[in-house]
Amino acid sequence: MTGSLECQFIRLEVVSGKNIQVPSFRIPAGIYVSIKLDSRRRWKSALRVLSSDSTVAWGDTLNISPDATPKLSLEIRASFELGRTLGHGKLIGKFEPSWDELLDHGDEPFDLSFPPIDDICPSLTLKVALVYACGTVLLDLQPIVECKISRRTDAGHTQLFAFMKSESGVSHLDDAVNHFKWVVTQCPVGHPDHAAAITNLACAHLQGYICNYIQYIDTMIPQFRDALALRPQGHPDHPLSLYHLITALTWCYSKEGTINIHETAQLCCKLLSLCPEGTHLRSDDPSDEGIRLRRLVLELCPLGQQRHPSSLHKLSLALARRFEQYGGIVDIDESIRLGRDVLSLCPEGYPGRDTYLNDLATSLQCRFSHERKSHDLDEAISLCEEALRLRPLGHEFRYIPLINLGVRTSNPFPVSLAREALTLCPPGLPKRDATLSNLATILHKRYDEVHVSEDINEAISLYRTSLRSKQPGDPEHHRFLNNLSSALCSRFSSRWRLCHHSTPTDTTPTSSYERPIWLVTAELQASITASTQGFPERIWEAIEWARQAEVHQHESALEAYHTCLDLFDKHVMTRSSIIERRNAATAVRAAQLSVNAASCAIRRKDLKRAVELEERGRGQQWSLASRLRTPLDDLESASLPLAQKFSELSKRLSDAQGSTVSTDPAVADRVAIEYRILTTQWEATLAEIQNLDGFSRFLLPPSYEDLQAAACHGPGSPTTFPFLFALADIEKLKDDFAREIRQAALKGPTERRTELRVLLRRVWDGIMLPIVNVLQRDFKLQHRSRIWLCPTAAFTSIPLHAAHPFRTKADRSGRESCLEDLYVCSYTPTLSALIRSRQTMKVHATPSFVAIGQGEPGAEQGKPLNAVDSELELVRELIPAQIKFTRLSGEEATQAGALEALRCNTWVHLACHGKQDRDQPYYSRFAMRDKPLTLLDIMENDAPQAEFAFLSACHTAVGDEQTPDEVIHLAAGLQFSGFKSVIGTLWAVDDAVAKHVVEAFYEKMFEDLEDGVMDCTKAALALNAAKDAVKKKVPLEQRIVFIHIGV
């Protein structure tokens, strides 16, 4: 160094650390930097907690004279106490640079890499500068006092780490225990280091116990309890002591099954409240907080760290448990991904691989039960088979993969495997009851296939034995009850068939065999109300309840269906993503559920209930979303503060409903937590509103009396009549239409559509004619009245409005009338949607008309449409002169521009490419100049003043094949966003001929305007007249492609 040092000192700032990893079985309390100047003096930074990316931020500064020592000794250490420390902790990195090396970097921060310890190379970011002193330099140093207690503590840690690294050589463990025991004798009760000393000894005992040195079980938990008592709440190491006790209790429970797991859960809850942002975690906790903490633990144990596979595995288990509670497919997907990551890190021969195989197989089985994808089941079986090979005869836990294989594989192997598992799991072991139940399940399955009475009798006996081991409050009690009920039902049904050569009916006389049916309903109801179950499991049990009640004609069938639909509503409300809600509906086949429920009500001659149930199952996604846009005028009159509170929560909840799930698990967790908190607050406020006088049914599913408003001008009472078609015929008819529409598009405009006419005749004869007969004969409905079609299931893909006999009358006086000759047809996704549209017609905004067209869409959105501009010009010419008109096309017709136009105008004409996304209907879209305008974009748009939209684009009213009753398409999205009357299309539109329909429609729409006021309720009639006017210009399939939806 140059120049005089008399008036200089060196300022060394420890800015931060990188790649700080602790190769240890113990989670450190904190990390610190120690700088040893000589044998007598050293400097220590503050203790800091590791961040998620293995970095530590300090910002601590040392001021020292450069002649104090020519060389420094820098150490990075992990401390196991946050308060008063005992020993120096675990050495992570050590380096001895000279002052010249440090000062060569000038005044800029620089990284100093340390030599590797246990294959880990940490680094520090330092800033070193020469500073002129204005007076005496103050040295921030501590004297080095090396006492025997400190040395023996460090020696104990060294020996224990050596034992854990090898998991052999009990001498290392014995040496560690002896060191820590000596320290405890030197730090007796009352000594300030007593808690730290007994914690170190207890941790050594715990590691020995984990490695099957069971002699330590009697000492470690009392030691952890004593340490916790010495570190009450408020002590810096209180959370750490809680964590150690929880870990010990969890290990004892998993090995012995004798520890009170409820105490462990209570301690976990206490720990979470003390360190919500900390690094400690309860075992496999599926709560949002628990998983969040598990992720923090994983971040503290990154790839390469000894505990990394274990941390991955525990997070995977927690996610799997949360899936069981909430049914979020994202959770089970991530659980499986993490489980596979664990296996990739733990090749054959790695300790614990058999456990990881079993747990991944369980997660795959869960997803198979949810999605029914055979490759998941195949992989689960393969994993169980490998786990079984790793646990040969004589292995203590061989029965676990045997149980799993017994459940997942097919006959003839399961019974023998399950019996072996039962032999290996004698009374007293925690899994005994599950093993009994699994053998019973396999026997029950075999009985259902081959009907050997010994199988079902043994299954019932085994179910009863397993049930006796569970108290009514136990989480597994409901499942065992359900299994026993199902077996009793199977035996009852078989005995009835043997005695009466038929299946039980509602005329079956009361007998001793009727008792199991009552048992089924009572136990399934109890099972469904169990708070420990997640919604998916409860939904499937409610479905089973409905199925059993239907089979045996039990009176509780309708109650079971109502329960199913209630649970499903609650289930999907837990999903913050619109996409996830649709996935949930697909997984439980919610639409089919409502159809079955309505059919059940019809068979019981309860037609009003059938209407209610069918409505509940239709458009559930729209119904749930519309709850957040409910008008609150009446509520404001009853309680303005409550209305304001509910409005604010509804807006926040609507804003929180993301369209997609983040690929970042931490972000996805945070979003889910915020959404669930908001949902809880919203539901609590809703309960307050429903307690007000006159608001008991606020936002409840509509009653029949509510739904009657949809038919306010009609007959007002439901009726039924048989169809000539079976369900299979309807499915075939749907497919035939799809094929014939494709074929018609290849024909010239003047060619006859013979096959299409044949199909429309079948729709007339088999479906619509019976309806027309009822309307004319029973309800005396006048000619040219309006009717609304609300089709379900496969009917949603059939053009019912175009039903036509294509025949001459018997007296040769002319052709027979078709449906659109007799009545003016419209569609509605649900009765509720039609009612809402009518209610919002009370307020009229100043009319404005926008014509949006995009004939030159952006990249990969479709070929150019040459007729768009001429169509927009045609529309402009037909719009009344007094109406404000805006044209949006070319470069201006962007996604944002179109969305703004939809928001700000009351009438819209849209001419562009339309695309229905078959895989994910919420991604259905209109092609714009820059990027598509999706259904999700439209749903987020709130346009209560909107009235009418004409969608001159392809596929704008095509439903979702997987969930057809949800009616998820572009036209329905526009109706949801505020448009009361919408014209959409069922398939591809030829823009060259569509303009004829457009012209005829608007000519009819705007003729004879009263006071120049446009009326969107005339749209159905105008469309009906337009299609008739152009029948000589436009091919059949291009006329019937247009449908009207709404008022």
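## Overall make-up

The protein has 39 helices and 20 strands, where helices (H or I, at least four residues) and strands (E, at least two) are DSSP runs numbered from the N terminus. This is a predicted model, in which local features need pLDDT of at least 70 and side-chain atom pairs count only at pLDDT 80 or more, while totals for chains, interfaces and linings use all residues. Residues are numbered from 1 along each chain as its sequence is written, and side-chain values use heavy atoms, with hydrogens and water left out.

Of the 1047 residues of the protein, 53% count as buried; buried means under 20% relative accessible area, exposed means over 50%, and partly exposed lies in between, with a 1.4 Å probe and protein chains only. Among the contacts in the protein with a separation of 6 or more, 70% come from residues 24 or more positions apart, a contact being heavy atoms within 4.5 Å.

Helix 33, residues 868-878, has as its buried residues Val868, Glu871, Leu872, Leu874 and Val875. These residues lie on the same side of helix 33, because they cover an arc of only 160° around the axis, the arc being that of the directions from the helix axis to the C-beta atoms. They pack against strand 12 (848-853), strand 13 (884-889), strand 14 (907-911), strand 18 (948-952) and helix 37 (991-1005).

Strand 14 is also the place of His909, which counts as buried because its relative accessibility is 0%. Not counting residues up to four places away in sequence, His909 touches a set of residues that includes Glu871, Leu872 and Val875, as well as Phe849, Phe950 and Val998. A polar contact of 2.9 Å joins the side chains of His909 and Tyr1002; such a contact is a pair of N or O atoms within 3.5 Å, where, within protein, one must be able to donate a hydrogen and the other to accept it, and residues adjacent in sequence count only if both atoms are side-chain atoms.

Ser981 is found in strand 19, residues 981-985, and it counts as buried at 0% relative accessibility. A polar atom of the side chain of Ser981 lies 3.2 Å from the backbone oxygen of Cys1016. Leaving out residues up to four places away in sequence, Ser981 touches Glu947, Phe948, Ala949, Cys1016, Ala1019, His1044, Ile1045 and Val1047.

In helix 32, residues 831-839, the buried residues are Ser832, Ala833, Leu834, Ile835 and Ser837. They pack against helix 23 (607-617), helix 28, strand 10 (786-789), helix 36 (970-977) and strand 20 (1042-1046).

## Cavities

On a 1 Å grid over the protein atoms alone, a cavity is a set of points where a 1.4 Å probe fits but cannot get out, and lining residues have an atom within 4 Å of a point.

The largest cavity is lined by 16 residues, of which Thr796, Tyr827, Ala957, Val967 and His969 lie nearest its centre. The lining of the largest cavity divides into 10 nonpolar, 5 polar and 1 charged residues, with Ala, Val, Leu, Ile, Met, Phe, Trp, Tyr, Cys and Pro counted as nonpolar, Asp, Glu, Lys and Arg as charged, and the others, Gly among them, as polar.

## Positive phi in two loops

Most residues other than glycine have a negative phi. Leu699, in the loop between helix 27 (665-690) and helix 28 (704-707), has a positive phi near 65°. Glu860, in the loop between strand 12 and helix 33, has a positive phi near 60°, and Glu860 counts as exposed at 86% relative accessibility.

## Other positions along the chain

Ile456 is found in helix 16, residues 453-468, and is buried, with a relative accessible area of 1%. Leaving aside neighbours within four places in sequence, Ile456 is in contact with His444, Tyr447, Ala487, Ser490 and Arg491.

Cys211, in the loop between helix 4 (194-210) and helix 5 (217-230), counts as partly exposed at 22% relative accessibility. Cys211 and Met164 are 47 residues apart in sequence, and their C-alpha atoms are 9.2 Å apart in space. Lys570, in helix 20 (residues 557-573), counts as partly exposed at 47% relative accessibility.

Methods. On a 1 Å grid over the protein atoms alone, a cavity is a set of points where a 1.4 Å probe fits but cannot get out, and a pocket is an open set with protein on both sides within 12 Å along at least five of seven lines; lining residues have an atom within 4 Å of a point.
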